[in-house]
Amino acid sequence: MSWETSADLVVVGSGVAGLTAALAARRAGLRVVVVTKDVPEEGSTRWAQGGIAVVLGDVTGDTVGAHLGDTVAAGGGLVDAVAAGAILRAGPAAVAALRAEGAVFDGAPERLARGREGGHSAYRVVHAGGDATGAEVERALLAAARREELTVLAGHAAVAVLTGADGSVRGLEVRDADGTAGRLAAPAVLLATGGVGGLYETTTNPAVATADGWALALRAGATLADVEFVQFHPTALFTGRSSTGRAPLVTEALRGEGAVLRDTAGASVTAGVHPLGDLAPRDVVAAAITRRISELGAEHVWLDATGVPDVAARFPTVAGACAAIGVDLAADPVPVRPAAHYSCGGVVTDTRGCTGVPGLWAAGEVARTGLHGANRLASNSLLEGLVVGGRAAEDITAALAGPRRLAAAVETATAPVPVADRRVLQGAMTRGAGIGRDAAGLAAASDAVEAASAVRVPRTRAQVEDANLTLAAHALLAAAGSRTETRGCHVRHDHPATDDHWQRASSTVVLDGDGRLHVGTTDARHGGVA
Ligand SMILES: Cc1cc2nc3c(=O)[nH]c(=O)nc-3n(C[C@H](O)[C@H](O)[C@H](O)COP(=O)(O)OP(=O)(O)OC[C@H]3O[C@@H](n4cnc5c(N)ncnc54)[C@H](O)[C@@H]3O)c2cc1C
């Protein structure tokens, strides 16, 4: 059994980037279908806690230039300052548009409350429900989608971007939970598939974050860049020795309010490590915690938030997660350790989501615009999803404004590809490509993934995800192996110094027609999109 339908634009993903783009494109008059593999609200967006970093002009002394400076400083030399400046400058309008959709932020409507997170030199993070910003963003966007009668095809996993003989996009192939295939003929596809946390044993990401967008884009002929830069959140809740999968996040905003990190011997974790101490950029704090855990043979460090006034009321999500493991946030130190959190790299795009493959756009965490470089500044990602999602919709609308090419039907049989056992892959990636890497560990991870792979045609959602994780793991390992230096979130024990040779070089990964990955470099300031 299979079915076929058509649209002007197919958006893959119903998080902040996908819904922002879909709503804007629908309002511009396009026939839009949003495809999402789980229930519409599932994705990283709804779990976001800290907020949205944006300069609204009402905080004395703070400027977009200062925000850009912090972004560049966090990004380890690989931020594309032109792209980043364009995205950050567009922030106020994007947040205003989100508020117009009904999103309600903390504070007075005319002067929103602000938080401060690691790497930020000012209080500039707007938040909702204390630490439930993402839930409010997702709620507001889904409510708008219902108002606009946006077509959302839930429970359907994108399996392949369909392309014609000329390489341009013709549509999308999807499968439902039973493996039934469907085809959406469309001249434009936007990937907004989110992150890659599923590559690792422990992650803050929900189960849908299985790097699908990387794999879909590679197979459609797009380029990935900076994929070795996986940010590990310094403070995921440690819920017990055998815990794997999604680990609740303990937001950085707590440290912004005065919570402190101590090791299991009672000493500060970051003293003498960085001038910003516990508010240093994430890679610095995560590496410091990892080092201390390994030196002490501990399983976690402590985050002490007992001195934060009204902490449980102001951070209800964290308080709830702590309560579930018997910890009182207001009275007890909280056990935390780093977990895979955010993909700084991804599908190479410009700030309008354009990938260089005709008809293919990408936005949100799946994309690499140059905003994050080697390490994302906290709370810049929801903003990027809002801005680039909106701009991609404008670009797609303009691209489709001319005479529309009728999407000719393309016969594709889903090809057999290597599919690894997920547990083995996650274990190999955690050991070999986590915080602290070396050539031998990366090679061992690659061998382990290969040995655990069988070539087959993926049919169910789980098999499709496993195939995507397999390709994504090889892409990440290849990029990480080629970067023989330490920079941002990419820490190489065998190359502990930053190397000037890589100062402006982004690694790129492409897939050839025989299924082989090729790693190269490009100037980080241009990102490689023509
Ligand atoms: C715990 C946590 C806290 C965070 N806190 C913050 C914060 O405070 N501030 C901030 O800026 N950022 C934060 N982030 C990061 C931010 O939430 C994400 O980067 C952002 O929400 C990603 O949005 P997105 O639209 O790109 O993807 P997502 O919101 O992850 O949505 C991805 C969508 O794609 C769908 N999908 C994936 N693959 C397929 C497929 N093959 N077929 C069909 N559908 C598919 C998923 O089902 C989902 O609907 C946090 C992340 C986490 C996990």
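Buried means under 20% relative accessible area, exposed means over 50%, and partly exposed lies in between, using a 1.4 Å probe and protein chains only. With this rule, C354 is partly exposed because its relative accessible area is 22%.

The model in these views is predicted, so local features need pLDDT of at least 70 and side-chain atom pairs count only at pLDDT 80 or more, while totals for chains, interfaces and linings use all residues. Residues are numbered from 1 along each chain as its sequence is written, and side-chain values use heavy atoms, with hydrogens and water left out.

**View 1. The shell around the ligand.** The ligand has 38 residues around it, and T45, G51, D212, E365 and S381 come nearest; to be near, a residue needs a heavy atom within 4 Å. Which classes of residue make up the shell around the ligand? There are 20 polar, 13 nonpolar and five charged residues. Here Ala, Val, Leu, Ile, Met, Phe, Trp, Tyr, Cys and Pro count as nonpolar, Asp, Glu, Lys and Arg as charged, and the others, Gly among them, as polar. Strand 9 gives the most to this shell, with three residues. Elements that each supply at least two shell residues include helix 1 (16-27), strand 3 (32-36) and helix 11 (381-399). Helices (H or I, at least four residues) and strands (E, at least two) are DSSP runs numbered from the N terminus.

View 2. Look for backbone atoms here. A polar backbone atom of A158 is 2.8 Å from a nitrogen atom of the ligand. For Q49, a backbone N or O atom lies 3.3 Å from a ligand nitrogen atom, and for V16, a backbone N or O atom lies 3.2 Å from a ligand oxygen atom. On its own the ligand has 1000 Å² of accessible area, and the protein covers 98% of this; such areas come from the Shrake-Rupley method with a 1.4 Å probe, and for residues only the protein chains shown count as cover.

**View 3. Two cysteines without a bond.** A disulfide is a covalent bond between the sulfur atoms of two cysteines. How many disulfides does a search of the whole structure find? The search finds zero, with a disulfide taken as a pair of cysteine sulfur atoms within 2.5 Å. The closest cysteine sulfur to that of C489 belongs to C344, and at 3.9 Å it is too far for a bond. C489 counts as buried because its relative accessibility is 9%.

**View 4. A pair of aromatic rings.** One aromatic pair is counted. Rings of Phe, Tyr and Trp (its six-membered ring) pair if their centres lie within 6.5 Å; planes under 30 degrees apart count as stacked, over 60 as edge-to-face and the rest as tilted. The centres of the Y200 and F232 rings are 5.3 Å apart and the planes are at 80 degrees, so this pair is edge-to-face. Y200 sits in the loop between strand 12 (188-191) and strand 13 (202-203), while F232 is in strand 15 (residues 230-237), 32 residues apart. Y200 is buried at 2% relative accessibility, and F232 is buried at 10%.

**View 5. Two residues with positive phi.** Phi of A211 is near 60 degrees, a positive value in a residue other than glycine. A211 lies in the loop between strand 13 and helix 6 (212-219) and is buried at 2% relative accessibility. D310, also not a glycine, has a positive phi of about 50 degrees. Is D310 buried or exposed? D310 is exposed, because its relative accessible area is 58%.

Technical notes: Polar contact = N/O pair within 3.5 Å; in protein donor to acceptor, adjacent residues only side chain to side chain.
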